Amino acid sequence: MHLARFPRVHLAHLPTPLERLDRLSAALGGPEIWIKRDDCTGLSTGGNKTRKLEFLMAEALAEGADMVMTQGATQSNHARQTAAFAAKLGLKCHCLLEDRTGYNNPNYNGNGNVLLDHLHGATTEKFPGGHDMPGEMERAAEAMRAKGHKVYVIPGGGSNPTGALGYVNCAYELLGQLNDRSLKVDRIVTPTGSSGTQAGLVVGLAATHANIPLLGIGTRAPQPKQEQMVYDLACKTAEKIGAPGIVSRDMVMANTDYVGDGYGLPTESGLEAIALFAELEGLLLDPVYSAKGAAGLIDLVRKGAFDGDERIVFIHTGGSTGLFGYDFAFDHSARQIKIG
C-alpha cells in the first residue's frame, strides 16, 4: 500500500533495530526471541507513539493548527511524545492527565513523563479518575478556540485511523527487515492498550499477506472489549488506506491475563519482566505497557504455549521514562552493598 499519499512529518529514527535476545531466549529455554526496538524511535526517548504522531502531527499542520491537545494517564508516554513533537514543530501543546491509579507519590505525579511534558513546554491539567476524558478534552479545546487558537485534538494514545498508519508502516518495515535477513518468523507479540499499535500491525500484515499471527498482550481492558476495539480500528484503518475488507475477526487476538489489578498498576510478573530484560539484555521496559506485554510473553513461553523451535518478535513500545515515576515499586535494597 502506498502510504506516501498521506501527510507525514519524518521525525522518527527509522527503521528501528531488530535484535535477537540470546540471553533471554536461553534463560527461558523456549523459542528464539527477537525484539523490534520501537523504544528507539527518537524524540524525548522515543516509543511507539512517535510512529503515530508522524501522521497525526502532519494532519495537524495541514489543518493549520497552532496548538495540539491530547489526554492520557498521569504517566502518559503518549502525552510526553506529543509534547516533544509539538516542541519540535513550534506548536503549543496542552495535555489532560487523568489519575487512574490513586498514587500520591511525588515522583509518580511530578517526575518521569510528567517532568518531560513540562520540559518540552506543554501545559498540563489534572483530573481525578473516572472522568469522561474525551468530553473534557473537547471542552478544553473549545475554550482554547474561543481564545483564538486553532486546536487539533489527538485521541488518547494517538489511536485513530490516522495514527494507526504509523503501525501499518511498521509492519511493512519489519517485513522488509525479515526478508533482507531471510528470517522466517512464526509469531509477533505486542503490548496492546488504546489499540492503535495492534490495529495498525494487523492491517499492515493483512495487506502484505504476511501470514504471521499477531498476539496482543492487553494492558487495560478485558479480552472481549480489547479485541473489539482493535478490530473496529483495524477495519477503519483498512478503509482509510483503500483496502476495505482485508481484516477478518480471527486476525485480532488479545490475551488480557496480565493486566493485574488495573491500568497503570504494576504487577509482580511485570516487575520480573523488567528485571529479566534489564539484567539479561540491558533493555529497559516500563511498568504500564511493555513490561506487562513482556510478562505475558515470558509466562506463555514457560507454559509451553509456543513450540521451542519457533521464532518470535516482540514489539518494544518504549516508555522507560515512566520508570522514574514508579521508583517506589522496586526493591532497591537487594542490590545495595557496602564497600570497605
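Me: Into which domains is the chain divided?
Reply: Domain bounds come from an automatic or database domain assignment. Here the chain is divided into domain 1 (18-47 + 160-329) and domain 2 (48-154). Their centres, taken over C-alpha atoms, are separated by 24 Å. This is a predicted model, in which local features need pLDDT of at least 70 and side-chain atom pairs count only at pLDDT 80 or more, while totals for chains, interfaces and linings use all residues. Residues are numbered from 1 along each chain as its sequence is written, and side-chain values use heavy atoms, with hydrogens and water left out.

Me: How much area do domain 1 and domain 2 bury between them?
Reply: The size of an interface is often given as the accessible area lost when the parts come together. Buried area is the accessible area (1.4 Å probe) that two parts lose on being put together, summed over both. Domain 1 and domain 2 bury about 2,600 Å² between them, with 56% of it on carbon and sulfur atoms. In domain 1, the residues that lose the most area to domain 2 are Leu43, Ser44 and Tyr263, together 21% of what that side buries.

Me: How many residues of each domain are in contact with the other?
Reply: Contact means heavy atoms within 4.5 Å. By that rule, 36 residues of domain 1 are in contact with 26 residues of domain 2.

Me: How many residue pairs between domain 1 and domain 2 are in polar contact?
Reply: A polar contact is a pair of N or O atoms within 3.5 Å; within protein, one must be able to donate a hydrogen and the other to accept it, and residues adjacent in sequence count only if both atoms are side-chain atoms. The count between the two domains is 16 residue pairs, both residues at pLDDT 80 or more. On the side of domain 1 that touches domain 2, the elements that give two or more residues are helix 7 (161-180) and helix 8 (196-207). Helices (H or I, at least four residues) and strands (E, at least two) are DSSP runs, numbered from the N terminus. Helix 7 provides the largest share of that side, seven residues. The residues of that side divide into eleven nonpolar, 19 polar and six charged. In this division, Ala, Val, Leu, Ile, Met, Phe, Trp, Tyr, Cys and Pro count as nonpolar, Asp, Glu, Lys and Arg as charged, and the others, Gly among them, as polar.

Me: How many salt bridges does the rule find across the interface of domain 1 and domain 2?
Reply: A salt bridge is a side-chain nitrogen of Lys or Arg within 4 Å of a carboxyl oxygen of Asp or Glu. The rule finds two across this interface, and a search of the whole structure finds 16. Arg51 forms a salt bridge with Glu173, their closest N and O atoms being 2.8 Å apart. Lys36, Asp38, Arg51 and Glu173 are linked in a network of salt bridges.

Me: Is Lys36 buried or exposed?
Reply: Buried means under 20% relative accessible area, exposed over 50%, and partly exposed in between (1.4 Å probe, protein chains only). Lys36 counts as buried because its relative accessibility is 0%. Lys36 lies in strand 2 (residues 32-37), and its side chain is joined to that of Gln177 by a polar contact of 2.7 Å. The C-alpha atoms of Lys36 and Ile315 are separated by 4.9 Å, although the two are 279 residues apart along the chain.

Me: Where is the place of His316, and what does its side chain reach?
Reply: His316 belongs to strand 10 (residues 311-316) and is buried, with a relative accessible area of 0%. Its side chain reaches the backbone nitrogen of Gly318 at 3.0 Å. Leaving aside neighbours within four places in sequence, the contacts of His316 include Lys36, Asp39 and Leu284.

Me: With which side chain does the side chain of Asp39 make a polar contact?
Reply: The partner is the side chain of Arg37, at 2.8 Å. Asp39 is placed in the loop between strand 2 and helix 2 (49-62), and is buried at a relative accessible area of 16%.

Me: Which helices hold Glu272 and Arg302?
Reply: The side chains of Glu272 and Arg302 meet in a salt bridge (2.8 Å, N to O). This pair links distant parts of the chain, with Glu272 in helix 10 (residues 268-281) and Arg302 in helix 11 (residues 290-302), 30 residues apart. Glu272 is partly exposed at 32% relative accessibility, and Arg302 is partly exposed at 46%.
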